[in-house]
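Please open the structure in the viewer and keep the selection tool at hand.

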Amino acid sequence: MGKFIPNLFNFGVVIFVALGSMACSYGMAVISSTIGQPTFYTYFKLATQGEPGYSRTTAYIGAMNGLSSVGSVFGAGITSWVADWAGRKRNIQVGALVLILGGGLCAGSVNIAMFLIARFIAGLGIGMLVTGIPMYQAEVSTPESRGLMVSMHGVMFAVGYSLSAWIGFSTYFVKGATSFSWRFPLAFQTAPAILLLIGSPWLPFSPRWLLQQDRTDEALSTLHRLHKSKDDPNDVRSKKEFYQIKKQMELDKTLLQGAGQWQLFATAANRKRALLGFILMFGNQFTGVLIIANYGVLLYQSLGMGGYMPLLLSAIWVTASFPGNIFNGLFVDKFGRRVFLLTGLGMLVVVLILECIMQAQFLGTTNIAGQRAAIFFIFLFIICWSFCLDASQFLYLSEIFPTHIRAQGMAVGMVGLYCATIVLLIAGPTALNKITWRFFVVLIIPTAIQFLIIFFYAPETMQRSLEDISAEFGDKVAVHYYHATLEDEKQYDQALEEDMTRSRIAGAEKSSGGVVQIVEGTEE
């Protein structure tokens, strides 16, 4: 792992903050196991599949997910302001607190109205965390390790999904007509958020945010601590990073004077970033991943599975995403973001077509082999998604915006994700019930379009510093870190020499009690 990360502290920060990622995915997916618990339907007096009044149940299920997503849209919007005003770290802390409140209310709900309101509150916290965490991870990472570091968001997303599914599967076997089987899984979504909130004071502030606040010395010392490595004892790389970040911020301020508060839309390059980020996150959800993740139980039931099998298959399905996210993190810095995004989208188009054919032929029949083939392609879907797209989408979104608009850009991208989520998860139960296999046609077309958009309009960001990426969108870069020219290296050398001079003077002042005698014409 040494070649991927500068030091264990940096890796520990990235992993620890990803507890929030786990809380988010758990909270997003928990409804999947909840609707697989018979006692949930009994407690709230809801009709089950095949019973009269099931259309009312599907409307409620859609509302449970829809309100959570609406809350997440508001959470993303709040992050665009809080992350700049109070810092990335404070935004994560507030998001964790809100998710704890919402999760607790979900678990304690005594009627449908209370449950729906609680889902909105939990969604608000999820929106703040899922927007803020990849941004924070990107800003504390080195250019060389950023792919792995931000991919930890995807890895912990997979962990959260898996925990939600397996806990839901386990509580299915609780004996008696008790609400514990659905209340406990809902309550557990607060556990990782509580751990994150308790340990969050230990997390450093983002060095880029500190520079934005003119806390220069603190930003430099934080960057040294995060990026210190054994093969760079004099912190040359982190000093070069710091110099580039500082110079780029100065340049961006000059170029955007008078642009107003929403600088995200002030230039053509920024508008391209915003549109690309929105389309990336919006379009990726139309591959159908959220439909399968949240309504897999309904899909497996329609394909002939009964009893505990739908819950078991859902648990196995989400668990299968874990190795794929690990693979993505280890190799996305080697092969590039575009390779992973395009490969994943291309494979999903093929898988969705085959799934559509299987369901069209065998859904509602007694052909067990054909129905098992449909389930196979559902599992092939998650392999393609997790190996290529899951972590890559969050990584790419966190990279393409400059520091001064990164919070706004991340918010726009995540609003895209949750707008798609609202549409799909509200319509999903009804669509699966009414138009059945034809719903997959709705997913195939936007997935193919998404492939073309990424192919023609998404530049590569691999190995570049966050500041270097500006050049890929046509913006000026103050000094290059990636593929630095001779002139760039001269600037770095001069900055390092000035830093050494300041260090010598500071050391001399300290050793002489604050009095330094400078003898003109005398060399040290």
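Two rings of Phe, Tyr or Trp form a pair if their centres lie within 6.5 Å, the six-membered ring being used for Trp. The model on display is predicted.

**First stop: a cluster of rings.** Select Phe-40, Tyr-41, Tyr-43, Phe-44, Phe-115 and Trp-182, which ring pairs join into a cluster.

**Second stop: aromatic pairs.** The count of aromatic pairs comes to 34. Select Trp-81 and Trp-85: their ring centres are 4.9 Å apart and their planes meet at 5 degrees, so this pair is stacked. Both residues belong to helix 4 (residues 54-85), where they are four residues apart, about one turn of the helix. Trp-81 is partly exposed, at 48% relative accessible area, whereas Trp-85, at 59%, counts as exposed.

Phe-278 is partly exposed at 27% relative accessibility, and Phe-282 is partly exposed at 28%.

Select Thr-461 in the loop between helix 21 (439-457) and helix 22 (486-511). Is Thr-461 buried or exposed? Its relative accessibility is 0%, so Thr-461 counts as buried. Residues that Thr-461 touches include Arg-146, Tyr-396 and Glu-399. Finally, display the side chain of Arg-337, which makes a polar contact with the side chain of Thr-461 (3.4 Å).

Methods
Residues numbered from 1 in each chain as written. Predicted model: local features only at pLDDT ≥ 70, side-chain atom pairs only at ≥ 80, totals over all residues. Heavy atoms only, no water. Helix = DSSP H or I, 4+ residues; strand = E, 2+ residues; numbered from the N terminus. Buried < 20%, exposed > 50% of the residue type's maximum accessible area, 1.4 Å probe, protein only. Contact = heavy atoms within 4.5 Å. Polar contact = N/O pair within 3.5 Å; in protein donor to acceptor, adjacent residues only side chain to side chain. Phe/Tyr/Trp six-rings, centres within 6.5 Å; stacked < 30°, edge-to-face > 60°. Lists of a residue's contacts leave out its neighbours within four places in sequence.
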